[in-house]
Amino acid sequence: MAVVAFVGLGNMGGPMAANLAKAGNDVKGFDLSSDALAKLEEAGGKGCASVAEAVTGADVVVTMLPAGKHVRAVYTGDDGILANINKGATLIDSSTIDVQSARDVAAAAVDAGMNMVDAPVSGGVGGAAAGTLTFMVGGPDAAFEAAKPYLDIMGKTIVHAGGAGNGQAAKICNNMMLGIQMISVCEAFALAEKLGLDHQKLYDISSTASGQCWSLTSYCPVPGPVETSPANNDYKPGFAAAMMLKDLKLAQEASGAVSANTPLGAAADELYSAFCDAGNGDVDFSGIINKLRGA
Ligand code: NAD
């Protein structure tokens, strides 16, 4: 089994690193939080005092960090991954970050003689713990093949989306669709209420008609029709509105950079910004129905 360094042992990275350790890998981790390091030790890994200590001698590095600036610093900083890792190691960044940072860091990694993929995930904390994440992977074929055995341990569905940065592109395009669709379903239910149309009736009709989509049939934003929806649990996440907003902002940033036309993505960004600014960042993203009702 391999020596795997894991940097960023938070809500997602912690259980992902634990699964790599459970599969028999020698996992060395680093995080700024001592609690996160203690949890890794409980899961059978070794907590390290720095990025350099964690990655020295590693065959594979996985990073799961908040944003592009953290990924740039951890990979390309003086005490970072590229300055301390063996040539030929495989680097996997699973953070959700902007496409340009992913492409810049991948280019620096290739210059330093490494295989690197961007491999953001969907599936949330539950999927991280269960090892059932979906990975959207960007990078050359050889880097994808080198990373795949480790992605297989942490996930269930692994899709090679193309060259460097295309994993991030897939993630933000998907989540832009999701944000727009959730707003569309919420608006329809809010209108139906005012028109005197019952929630369940609208669900029964639209879930088998042309309005059907995941936000309706798997994550219905009103209580009742879909038992597992956060709407039945007082809009506890689930997928927090602040995380949806992060992804919508990344989509708008990417859209602006390539002059794409995404007016509904921009509107979704504005609506989720207002919802989060009103103190709802920790509410499930389907809770935006309350804003759309004017509540
Ligand atoms: P988190 O805040 O729980 O974890 C991030 C961890 O990174 C923290 O423990 C923090 O201490 C650590 N960290 C920050 N800077 C560091 C540095 N310089 N060196 C070492 N450690 C550092 O966040 P999370 O929920 O685990 O999310 C991680 C990434 O996964 C984000 O990019 C997020 O958008 C993405 N993501 C999260 C979810 C989810 O449901 N939580 C789902 C899909 C994707």
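Me: What counts as a helix here, and how are helices numbered?

Reply: Helices are DSSP runs of H or I with at least four residues, numbered from the N terminus. Asp234 sits in the loop between helix 11 and helix 12. This is a predicted model: local features need pLDDT of at least 70, side-chain atom pairs count only at pLDDT 80 or more, and totals for chains, interfaces and linings use all residues. Residues are numbered from 1 along each chain as its sequence is written, and side-chain values use heavy atoms, without hydrogens and water.

Me: What should I look for in the backbone of that loop?

Reply: Most residues other than glycine have a negative phi, and most peptide bonds are trans. Asp234 is not a glycine, yet its phi is positive, about 55°. Pro237 and Gly238 are joined by a cis peptide bond, with omega about 10°. Gly238 also lies in the loop between helix 11 (214–217) and helix 12.

Me: How many residues surround the ligand?

Reply: A residue is near a molecule if one of its heavy atoms lies within 4 Å of it. Here 21 residues surround the ligand, and the closest are Asn11, Met12, Asp31, Leu65 and Lys246. Helix 4 (68–76), helix 7 (124–130) and helix 12 (241–257) each supply at least two residues of this shell.

Me: Where does the ligand lie relative to domain 1 and domain 2?

Reply: Domain bounds come from an automatic or database domain assignment. Domain 1 (3–163) and domain 2 (169–292) both give residues to the shell, so the ligand lies between them.

Me: Which polar atom of Lys246 lies 2.8 Å from a ligand oxygen, side-chain or backbone?

Reply: A polar contact is a pair of N or O atoms within 3.5 Å. For Lys246, a polar side-chain atom lies 2.8 Å from an oxygen atom of the ligand. Met12 uses a backbone N or O atom, 2.8 Å from a ligand oxygen.

Conventions. Polar contact = N/O pair within 3.5 Å; in protein donor to acceptor, adjacent residues only side chain to side chain.
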